[in-house]
Amino acid sequence: MKKTGLIFFPAFDWAISETHPEREERLLYTRDQIFEEGILDNPKILEYKPRLATNNDINRVHFCVPDVDSQTTSAHFISAGSSLKLGDALVNGEIKNGFALVRPPGHHAMRIVHGNRGFCNINNEAILVEYLRAKYGFKKIAIVDTDVHHGDGTQDIFYHDPDVLFISVHQDGRTLYPGSGFVDEAGGPGAHLKTINIPLPPGTTDEGFLSVCRQIIKPALAVFQPELIINSAGQDNHFTDPLANMKVTAQGYAKLTEELKPDLAVLEGGYAIETALPYVNLSILLALAGEDYSKVVEPQYKPHELKQSPETTRYITQIINYWQEKLAQDAPDKESLFGPNRIYTRRRNIYYDTDQISEEQQEFVEYCPDCPGLYRVISGAKKAYGRDYRIWGISIPLYACPHCRHRAYELWGEELQKKSIGNGAYDFYCLQDK
Amino acid sequence: MHIGVDVGGTYTDGVIIDHDRVIQTVKIPTKKNLAHSIELVIAQLAANNGAENIDKIVISTTLITNLLAEKKHESVGLLLLPGPGVNPADLNFVCPTVVIRGAVDYRGRIIVEADLREVQQAVEGMLAKGINSIAVACKFSQRNPVLENKVIEYLGQSYPRVITIASHRVSGLLNWLRRANGAALTLMISEKYHFFIRQIEESLAKMKICCPIYVLKADGGTLPLELALQYPLESVFSGPAASALGALAFADKNITSVVMDIGGTTTDLAIILNGVPLLSERGAFIDNYPIPVRGLALTSLALGGDTSITAQNGRVSLGPRKGQAYCLGGPRLTITDILVYLGKSDISSSEEVVGALGELAGSLGRKPQEIAAEVIDIFMDTLEAKLEEMFHKWEEEPAYHIWQVLSQQKKRPAAIICLGGPADGLGALWGERKGWDVQIPPYSPVANAIGAALAKTTLRLELHADTEQMRYSTNLGSVGGPLATKLKNTDEAKQFALSIFRELSDKWSLEKDYTGNIPETIYEESFNLIRDWHTSGKIFQIGLQTPSGIQTVLHPCSKKAPEGGAKQ
Ligand SMILES: [Zn+2]
Ligand SMILES: [Zn+2]
């Protein structure tokens, strides 16, 4: 019998602050429900002890400014490390799938980390993907983000990676934090349509949630043929969530899990700590273990209040049509997408809500016919408190060609040279070699 | 003087201890009537040492296991009030169940009222099937027992002849399945257990022994006989606890060690950390049914002194017991015979086995000493693998706090205390192989009785207090209820937990001189309940315990010569 691995790490001794939604209490009632059910005595579920991720695991993904230790606490290392431990158990064949029921979350953490965005410092799923690829040689991995908020951090990290398919289903960015995740954010020129955003209107129910799963997500996965599927299992699409406006139930989440069949699910957001989390976490766990979840029905569940309006259904049908057409089209060639200068550049401002930081960032991706191409970034941040840092970073993609790899070290050397003669424009110079 | 009695499947052992010396040991074949076996053993010990000098008796029995195995117990049904969650049909309940409408949530709030018409229907159905004892189990009943009480009250009025029990009376453990099974099993055995205890009380009264009497629990603690009636399941699986404590009788007070108890067909392993036996993470099982009782974290090897040795397909093969050792007249060579051959056991001389071993070796075209070495290797390799598995499980116990994950790596034992017939030989060989410290305590044949005699009374209290709902609950059956005052901070919560602990420790007869009556704090935590950006209350969780272990380390020399099968 293949088992479902579980790491439950409620971090009962960690909070962002006393009254913050990310506080000790968040998974207390989930603990109560899961323990009381007696489900942990079920031999199909195997509970693991969490472990710490390493600085190396984090540096594989992030440019932490000024360094990993100043952007993380022990809780972050454990939350990220838990997914890695389940990843090991999965690859070793100890488990058939796994659920990292952990906090703090991570899907708003981008490649560059100046502080906390949307309750996140480091990106648990991205760290997991890069760990599995570096350690076990996986190549193609899909991340399906079912948190109500756009997984902008994960999108950012894999935006130019053709071997990671990132799909995010979320409440439309015009009505919810972080205000991004529109259909035209569809991957860099070297990773065209490897980012799929599915913004949904407020009031979407199980029906709409499941229809995008069946009609966009599943077909896209079938085409991409990932070796692994990771689910960012945020639970704030729930009809009682205080921060969002959707109408999904524990049953809806369980059915989605059952149909998506993720290899690993990682908890993200979800702040209806009493009305949603105990039930949704339980139903996801049961669905992963192949157990009956049909009796996990929230006390607040009233079917007549959870009907999807025709308007909402119409809007969702349009999105489904949009993506079905888009995915059926022939992909344009990479060279033409990069344009005549054969370089992709983007300049933008990124706001860190939790820490009130305003980052100014410029990215460059070079066209290379043989690999995803070199990624460079320069970034500076204005902080409400603490020191402002400017950083220069270069990232060698995992499957880089020898030419690009060589060039990366050359460029890095040049920058360090400038710095050594007092001509450097930045506080930190980072090279990421995955 | 303390008496310890251990009723095993074959023998009933007794020991009487004065301060730190063993005075006398007794070993008799176990009778069909366990109470009678106990009476005989105590009578012998009392006769020589004076009934009036006995100040405490601790009994470890297999009674509960026997009662359940005989299947002569009461026919019991379970009324379940599950509310939302796992389908009860998928859970491993120990008896027939009927699901009733009615639910309580994790905060102890009623979310669906109990439907008494459904209860009536269910009970009629059960009565028709000859079930006349009914346990009631509602999810989160420890947080609020109101629905369980309502159903029990209704049953009492409408079906006065039906015997009932509510799951929150049996245990407060946060595991509905285990509580439900605990309640049902308690009903199954309680009548016979009452009878057993009355028998013991009567026979002791006849002998004019009037000291406190305790039963040994699965976790190595003791429970006063009066409370054993309320929590009969606690005494299940006390044998391994008795053996582990017995192994500690002559060791350093704070020893960290493995205990290896080698029987005829199996070998049990337990871990001792700083003098305290390690408990299993989740709890015990009876025939695959989870129950609300924590026993020792045990691992077993399917190998023992009588494990038979044969040649199969051209190779040495270890198989089930066919009888006792060849050198003692048994049909086949056994591990014990190999120890005799190697000069590692003095129960017989190696001449007794040389012939048979030579024959076996010859049939395989090999030398006898090669076969002997291979048998020992198989035992040692199996032992090593099982120890690794047990250590790994212990090191991988789930952690829900940062401090638990960050706390230093657990230090594995590098000492082993060996009990049982072939203990000296196999222990010495393990020591040679791994460089471990090996101890073979004296009085090994009555180690379980010694363990019972020396066991501490233990109490573990886990308080959960919710100042918004103004209710508290604990891990113990029947201990919980409304909060009289609003606890303001962790200190106040801890004081409250301590006051409950003190009250219980009188009832549980905790020895003040050994524990100082000051429990150790296992954890203390508080949760801010924030609703609409305001603190609306707090939830406190406080864990207090007096750990199990032995009261006194014994002196290896007896005051008088030991009698009845004990050896030194
Ligand atoms: Zn979210
Ligand atoms: Zn290249």
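User: Is B:Glu492 buried, exposed or partly exposed, then, and at what relative accessible area?
Analyst: B:Glu492 is partly exposed, because its relative accessible area is 29%. Buried means under 20% relative accessible area, exposed over 50%, and partly exposed in between, with a 1.4 Å probe and protein chains only. This is a predicted model, where local features need pLDDT of at least 70, side-chain atom pairs count only at pLDDT 80 or more, and totals for chains, interfaces and linings use all residues. Residues are numbered from 1 along each chain as its sequence is written, chains are lettered from A and ligands numbered from 1 in the order in which they are written, and side-chain values use heavy atoms, with hydrogens and water left out.

User: Which helix holds B:Glu492?
Analyst: Helix H15 of chain B, residues 490-507. Helices (H or I, at least four residues) and strands (E, at least two) are DSSP runs, numbered from the N terminus.

User: And what does B:Glu492 touch?
Analyst: Not counting residues up to four places away in sequence, B:Glu492 touches B:Lys486 and B:Leu487. Contact means heavy atoms within 4.5 Å.

User: Switching to chain A. Where is A:Glu18?
Analyst: A:Glu18 sits in the loop between strand E1 (3-9) and helix H1 (28-37) of chain A. With a relative accessible area of 58%, A:Glu18 is exposed.

User: Which residues are in contact with A:Glu18?
Analyst: Leaving aside neighbours within four places in sequence, they are A:Arg23, B:Asn528 and B:Ile530.

User: What domains does chain A have?
Analyst: The domain assignment gives domain 1 (4-328) and domain 2 (334-433); such bounds come from an automatic or database domain assignment. Taken over C-alpha atoms, the centres of domain 1 and domain 2 of chain A are 28 Å apart. In chain A, 33 residues of domain 1 are in contact with 34 residues of domain 2.

User: Back to chain B as a whole. How many helices and strands?
Analyst: Chain B has 16 helices and 28 strands. Its radius of gyration is 26 Å, close to the 24 Å that the globule rule gives for 568 residues, so chain B is as compact as a globular protein of that length. That radius is taken over C-alpha atoms, and the rule is 2.2 Å times the number of residues to the power 0.38.

User: What share of chain B is buried?
Analyst: Buried residues make up 57% of the 568.
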